[in-house]
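Student: I have a model open and a few things to ask about it. Can we go through the rings, the pockets and some backbone angles?

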Amino acid sequence: MILGAGFQYYDLKSLGHPIREQFDQAVSQLQQFIEYATDKYPIDAKHRYLLGFSQGAILSMTLALTMGNLLRGIVALNGYVPGFVKTDYELKSVQEVSVFISHGEYDSVFPISVGTETAAYFEGLTPLLTFKAYPSDHGVLPQNQQDLIAWLRQNLGSDKL
């Protein structure tokens, strides 16, 4: 969906409160796409990772919670898990899912408390959590990018990135 000069996956009723029907549809369509792409292209289903920023982070975390161990890992940059996902969705184990969460200490969209609460939530679900905060607003600093690439390399057991 178009949003100014960019795009979004769903509209918001208010900040932090997605329009539920659009959100549910985005989750469903993304899950279908992941399955389609895995069948159509040479993607190893045992090594699927999702990466998202803001709404993409929100959806990556939601997909991890709904797909569980069908994903190998996620990178969630400046996002959160909506309350209705925690209470209304059928959640699966993410015990074996590697999770990299980062957040801007000065994020003007989602305060740092949102990032720390999200990390605490995942800390109770997987031992494979990495959480990092950066001195940034709602964005991704070069150090954040370097850290997530190092995290991916470590998880993949490769230096090919």
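Rings, pockets and backbone

Tutor: Fine. Keep in mind that this is a predicted model.

Student: Rings, then. How many aromatic pairs does the structure hold?

Tutor: The count is 9 aromatic pairs. Take Phe33 and Tyr36: their ring centres are 6.4 Å apart and the planes meet at 40°, so this pair is tilted.

Student: Where do Phe33 and Tyr36 lie?

Tutor: Both are in helix α1, which covers residues 20-40. They are 3 residues apart, about one turn of the helix.

Student: Give me another pair. What about Phe84 and Tyr89?

Tutor: Phe84 and Tyr89 form a tilted pair, with 6.1 Å from centre to centre and 50° between the planes. Phe84 is buried at 17% relative accessibility, and Tyr89 is buried with a relative accessible area of 16%. Buried here means under 20%.

Student: Which residues do ring pairs link into a cluster?

Tutor: Tyr10, Phe23, Phe84 and Tyr89 are linked into a cluster by ring pairs.

Student: And Lys86, what does it lie over?

Tutor: Lys86 sits over the face of Tyr121, 4.4 Å from the ring centre.

Student: OK. How much space lies in the second largest pocket?

Tutor: About 200 Å³. The second largest pocket has a lining of 15 residues, and those nearest its centre are Leu3, Gln8, Leu12, Ser54 and Gln55.

Student: What classes are in the lining of the second largest pocket?

Tutor: By class, it has 11 nonpolar and 4 polar residues, and no charged ones.

Student: Ser54 is on that list. Where is Ser54 found?

Tutor: Ser54 is in the loop between β5 and α2. Ser54 is buried, with a relative accessible area of 14%.

Student: What is the phi of Ser54 near?

Tutor: Phi of Ser54 is near 60°, a positive value in a residue other than glycine. For context, most residues other than glycine have a negative phi.

Student: What about Asn78, then?

Tutor: Asn78 is not a glycine, yet it has a positive phi of about 60°. Asn78 lies in the loop between β6 (73-77) and α3 (83-88). At 0% relative accessibility, Asn78 counts as buried.

Student: Last topic, helix α2. How many residues does α2 have, and how far does it reach?

Tutor: α2 has 13 residues and reaches 18 Å from its first C-alpha to its last. That span is close to the 18 Å expected at 1.5 Å a residue.

Student: How many residues of α2 are buried?

Tutor: 13 of its 13 residues are buried, so α2 is mostly covered. Gly56 in α2 is one case, buried at 10% relative accessibility. Gly56 and Ser113 are 57 residues apart in sequence and 19 Å apart in space, C-alpha to C-alpha.

Student: And what comes just after α2?

Tutor: Gly68, which takes a positive phi of about 60°.

Notes
Residues numbered from 1 in each chain as written. Predicted model: local features only at pLDDT ≥ 70, side-chain atom pairs only at ≥ 80, totals over all residues. Heavy atoms only, no water. Phe/Tyr/Trp six-rings, centres within 6.5 Å; stacked < 30°, edge-to-face > 60°. Helix = DSSP H or I, 4+ residues; strand = E, 2+ residues; numbered from the N terminus. Buried < 20%, exposed > 50% of the residue type's maximum accessible area, 1.4 Å probe, protein only. Lys NZ or Arg CZ within 6 Å of the ring centre and 35° of its normal. 1 Å grid on protein atoms, 1.4 Å probe; cavity = no way out; pocket = protein on both sides within 12 Å on 5 of 7 lines; lining within 4 Å. Points joined across faces, edges and corners; volume = space filled by probe spheres on them. Nonpolar A, V, L, I, M, F, W, Y, C, P; charged D, E, K, R; others polar. Expected span 1.5 Å × (residues − 1).
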